[in-house]
Amino acid sequence: MLNAFQSNLVFFYSPTQVAANEAPKGRSFRIGGLVEPGSVKREGVRVNFKVTDNLHQIPVRFEGVLPDLFKEGKGVVAQGQLGPDGLFTAREVLAKHDENYMPPEAADALEQAEQARTRAQHSMGAPK
Amino acid sequence: MIPELGHFALWFALGLAALLAVLPPLGAHRRRADWMALAAPLNKGLGLTVLLSYLCLTWAFVQFDFSVAYVARHSNSELPLAYRIAAVWGGHEGSLLLWALLLVGWMGALQRKAGNLPPALLARVLGVMGALSFGFLLFMLTTSNPFERLLPMPEEGADLNPLLQDPGMVLHPPMLYMGYVGFAVAFAFAIAALLAPEDDLQRWLRWARPWTAAAWASLTVGIALGSWWAYYELGWGGWWFWDPVENASFMPWLAGTALLHSMAVTEKRGAFRSWTLLLAILAFSLSLLGTFLVRSGVLSSVHAFATDPKRGLFILGFLVVVVGGSLGLFAARAARMGLGARFGLLSRETTLMGNNVMLLAACGAVLLGTLYPLALDALTGQKISVGPPYFDSVFVPLMAPVIVLMGVGPLLRWKQDEGPQLVRRLRGAALLAALVAGTFGWAVGGGQLSAAAWFGLALAGWVLACCAADLVERLWPRQGQGLIARWQALPRSVLSMQLAHAGVGVFIVGVTLVNSLQVERDVALAPGQGVEVAGFEFQLERLQRIEGPNYGGVQGLVRVSRGGEQVTELRPEKRVYRSSEMPMTEAAIDAGLLRDLYVSLGEPLAGSNAWIVRVYVKPFIDWIWMGCLLMACGGLLAWRDKRYRVAVAQSSAAKALAAPAAQALPGGAQGRAAP
């Protein structure tokens, strides 16, 4: 049972972590953030969009029907695998039940990115 | 004024609950009849005040009183009346009030049916339930007051979540809560039995059993309704997602199932005494945990939980008191209960024990998968999720032996059976199972069923064949008794058990076949275009605008035909609710015994008149809910079983009136009378 538990945990990574190569290759994981405005491109049932934490963007591809509350500029969580070309192929896209509710993982990714950015600004702007 | 009245009624109810929790049990302890007699009026008063409070909140919804914050958040001037009444349990505060109402409702029913229950036992049971209502009411009043005013009063309410504006979702929470709260009865009896171990345990079991069966049946219906709702309302055609919210209701179900079976053994044979008590405590504790997991907001974010620590701390405290207190009492007193009667290796007790252990292991696995991500996030901030693959890979191996034993158990005698006889009975069932599963599998799947699907069908066939074998043996005319006489002599408990077991068989057929034979296609369709899925031709005829009472949207007309012959017309909708601007997918389903045809609208394709359309053909999916309904019917039949009432009447002074049915059963049938 614990074995099954270990091998079926799905970890979460923010776009920044994925950009820093911290995410595993060849294993399914979750990525979350906001849908980058203007990035959603549909070709028939295939859709491409970018997930951003306002610091890094990760291109995502998905085939099928997106959830009702999937919108540009809104929170999203995608589960799937990262290809060698850096394209994330999602098997599942989640956006949760109501308008104000942000998937917790997405909220977390944004928060972390925000902190990182503030830190970066501080270190750049600080007088020597 | 009405909301203030409701608020005041809640405070009054809190006081009554406190008195009920203290005085009658104390009276039972000190053998003061006058204190014990207080239980009845206090219980009645508690029921009436909570009902009054509930009606006040309903009134505020009906009258669009947006000055009540809860009403403003969960209603809207366009919301139809039926949904305004149902909106009472559309959010956190109101659903707690519904919980409390159902709890006092069960208490009222318990008191009405108490008849000649020993006053001391009744005083203790109602006292325990009074303490539970006290905790709930206090939680509501201190952290989640549904009557809180909102000043200045908003012009318009925010509206009920459109996902909840649906008949399935209207019924789902009350049924689920009926189940949760119903387990409180068994819990209260268990605590009462632990408080007064000199009382006869078997007697309280006779009392608690029908209540537990009723609670279990409600919970089964509640879970099935939720699953059915998710299937047609969420628009992606799944029926179970192993979502934490679903798991929260599934854990008490597993423990409750184990409890029902363990109770049967204790009542019949006197074995498993402490185990039954422990399960009664567990089933209700998991119900509490489930309510709080869903209602505290901890699932959507542990941080929300941390930023509003008042609710969270109260919940944790309440859980610690209830679970810790009852387990502590159990640890201190259970040893006095004794182990009960012995039984041989080859006996019905053995199979029931095996199943109990497996059910609890499955429950533990679900608990681990549900709580571990929360704990990890709270402690380390690391985010993980435990998906369906984990639950599938753990659940199936644990449940398969349960299913096998489920067939064997009823065919075994209590205490000790003989191998050769059992083999003879099982041989017939196994042959029948192989024959039925083989023919059926070949007929529906041809040669294309996977090994897993054959395995599932074999299990389902086994369960159903064992039910049939048991009933045939019991109904077969013998000793001059014809079929009708045998049917009349058949204990209702056997019938209810076999009904529920057959329900499990039907359920497995549904799960197996829908998993292995369903076809799903997402396609882009413009009006006039069509797609073929699993032999059905789906043609999108046209799209038109629609206006509902509180939403607008688009409706598609999809004509489904097979071999040129029209099968049905489906009208899937994409709605946008005006008040919240929330989009909603309304799938269109043509349900059938052998297959569901399912069409839902995705989104329009930019730059054309085409839409992404999701088309499913789902064979046998309705068998899943049919199976659940059969299980629930079994539970209801067990609840209505006259045997319990007969037994109680016999213990009373009115012995002359008692029907001799329970004792008049032939010895052989008595030995094998079912759980």
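Residues are numbered from 1 along each chain as its sequence is written, and chains are lettered from A and ligands numbered from 1 in the order in which they are written. Because the model is predicted, local features need pLDDT of at least 70 and side-chain atom pairs count only at pLDDT 80 or more, while totals for chains, interfaces and linings use all residues.

Chain A has three helices and seven strands; helices (H or I, at least four residues) and strands (E, at least two) are DSSP runs, numbered from the N terminus. Along the sequence their pattern is α-β-α-β-β-β-β-β-β-α. Of its 128 residues, 37% are buried, where buried stands for 20 or more other C-beta atoms within 10 Å of the residue's own, exposed for 12 or fewer, and partly exposed for values in between, with C-beta atoms placed from the backbone. Contacts are C-beta atoms, placed from the backbone, within 7 Å. Among those in chain A between residues at least 6 apart in sequence, 55% join residues at least 24 apart.

G80(A) belongs to strand 6 (residues 75–82) of chain A. With 19 other C-beta atoms within 10 Å, G80(A) is partly exposed. Beyond four places in sequence, G80(A) touches S28(A), F88(A), T89(A), A90(A), R91(A) and E92(A).

Between the chains, 24 residues of chain A are in contact with 29 residues of chain B. On the chain A side, helix 1 (2–7), strand 1 (9–13) and helix 3 (104–125) each supply at least two residues. Strand 1 of chain A gives the largest share, four residues. That side divides into 12 nonpolar, four polar and eight charged residues; Ala, Val, Leu, Ile, Met, Phe, Trp, Tyr, Cys and Pro count as nonpolar, Asp, Glu, Lys and Arg as charged, and the others, Gly among them, as polar. Strand 1 of chain A also runs antiparallel to strand 1 (residues 384–386) of chain B, joined by three bridges; strands pair if DSSP finds at least two bridges between them. In this pairing F11(A) has I384(B) as its bridge partner.

Chain B is assigned domain 1 (1–165), domain 2 (190–375), domain 3 (418–516 + 624–671) and domain 4 (519–620), with bounds from an automatic or database domain assignment. In chain B, 13 residues of domain 2 are in contact with 15 residues of domain 3. The domain 2 side comprises 10 nonpolar residues, one polar and two charged.

Helix 7 (residues 119–143) reaches 35 Å between its end C-alpha atoms, close to the expected 36 Å, and it is largely enclosed by the rest of the structure because 19 of its 25 residues are buried. Helix 11 (residues 273–295) spans 33 Å, in agreement with expectation, and 22 of its 23 residues are buried.

Strand 3 (residues 530–533) and strand 4 (residues 536–547) of chain B run antiparallel through four bridges. They form a hairpin with two residues between them, and A534(B) in the turn has a positive phi of about 50°. Strand 4 of chain B then pairs with strand 5 (residues 551–562) in the antiparallel sense over 10 bridges, and a hairpin of three residues joins these two strands.

Conventions:
Contact = placed C-beta atoms within 7 Å. Expected span 1.5 Å × (residues − 1).
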